[in-house]
Amino acid sequence: MTSEISRRTLMRSAGAAGLIVPAAMLMTACSSTEKPASVGEGGTGSAAAGGGDDLLAKGKKQGYLRVGIANEPPYTKVTADGKVTGCEPDVFRAVVKSMGIPDVQGIITPYNGMIPGLKANRWDAITAGLFMKQSRCAEVNYSEPVIVSTESFGVPEGNPKHITTVKSVLDNKDLKIVVLPGGFEEGILKTAKVPDSQMIRINNNRSGVEAVLAGRADAFFLPTLSLRALAKTEKGLEVTAPVEDAPKTGSGAAFRQSDESFLTEYNKHLAKLKDGPEFAKILDKWGFDPDAVKGVTAKELCKNPG
Ligand code: 6CS
């Protein structure tokens, strides 16, 4: 499985996106290999033009597909040596491998750039844990769900402001809540009519935690497992129990609407993966409950408001 970064691709992506790729990744870049990059930032490569058959043929021909990711463990994770992993990319890689496409190349991007980037053919799919909701399902086609997960608040130890539900935020107008721009949690607060003045938008998870620990914000609203992963290294952060009045979250791979035939094939192979041991092995590895997604459909999750 290709897992190295091609220096040429990284520099092109970084240059094009104006983003700095951590030196560590460049250090591990293989110089002139034909292997595709496994991760870049804000890439501008030429992904498939729409049209499912093209996508499958293209993936088989070049040996990989490009995916939009966020680098937010355990949903997505780029290792120090540039490997694209995490629950969603690992499931995606297993499914497309069974379709005859051996590898995956990741492009790191903020959540609010994922659908525009997919539509602009900068990547071929989104495998970031981009939770399903009406507005997103109107723009892209999701595979059947891979994960179902919950939301929590990251708060200072002891949760001094007693932030446990969306209602507790609504009831205290002084509370400032960090959310990711265009993220699912921002949408939950908007749907609940939380004033915009109570939201602090930060695009970097560690900066979100720092804002809470420094007292510039009262909580960071993020998926439970993402906050628990951050709390392992960000001392002083407490993760609340799952937020009871947040909608049920879940995601799968997201594709362009023009790639309908690819999606149909993808779902067939995903169903086969779910019936075997590998699916549970991947989800268990990243801390997700493989049984939680049983019986849950994209149609159901796409009814989520916002
Ligand atoms: O779907 C979203 O927008 C959210 N998904 C994850 C995995 N993290 C935060 C983001 O807001």
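F92, I177 and Y266 touch the most other members of the largest nonpolar core, which counts 85 residues. Such a core is a set of buried Ala, Val, Leu, Ile, Met, Phe, Trp, Tyr and Cys residues joined through side-chain atoms within 4.5 Å, where buried means under 20% relative accessible area with a 1.4 Å probe, protein chains only. Helix α4 (residues 87-98) gives the most to this core, with 6 residues. At least three residues come from each of domain 1 (7-147 + 250-301) and domain 2 (151-239), with bounds from an automatic or database domain assignment.

This is a predicted model, with local features needing pLDDT of at least 70 and side-chain atom pairs counting only at pLDDT 80 or more, while totals for chains, interfaces and linings use all residues. Residues are numbered from 1 along each chain, and side-chain values use heavy atoms, without hydrogens and water.

Let's look at α4 and its partner, helix α11 (residues 260-275). Their axes, lines fitted to C-alpha atoms over the stretch in contact, are 9 Å apart at an angle of about 105°. The two helices are therefore roughly perpendicular, a term for angles of 65 to 115 degrees. Contact means heavy atoms within 4.5 Å, and these residues meet:

| Helix | Residues in the contact |
|---|---|
| α4 | V91, F92, A94, V95, V96, S98 |
| α11 | F262, Y266, H269, L270, L273 |

They divide into 9 nonpolar, 2 polar and no charged.

Beyond its neighbours within four places in sequence, F92 is in contact with L65, V67, V104, A125, T127, A253, F255 and Y266.

Definitions and conventions
Buried means under 20% relative accessible area, exposed over 50%, partly exposed in between (1.4 Å probe, protein chains only). Helices (H or I, at least four residues) and strands (E, at least two) are DSSP runs, numbered from the N terminus. Axes are lines fitted to C-alpha atoms, for helices over the stretch in contact, and angles run from 0 to 180 degrees between N-to-C directions. Angles under 35 degrees count as roughly parallel, over 145 as roughly antiparallel, 65 to 115 as roughly perpendicular and the rest as oblique. Ala, Val, Leu, Ile, Met, Phe, Trp, Tyr, Cys and Pro count as nonpolar, Asp, Glu, Lys and Arg as charged, and the others, Gly among them, as polar.
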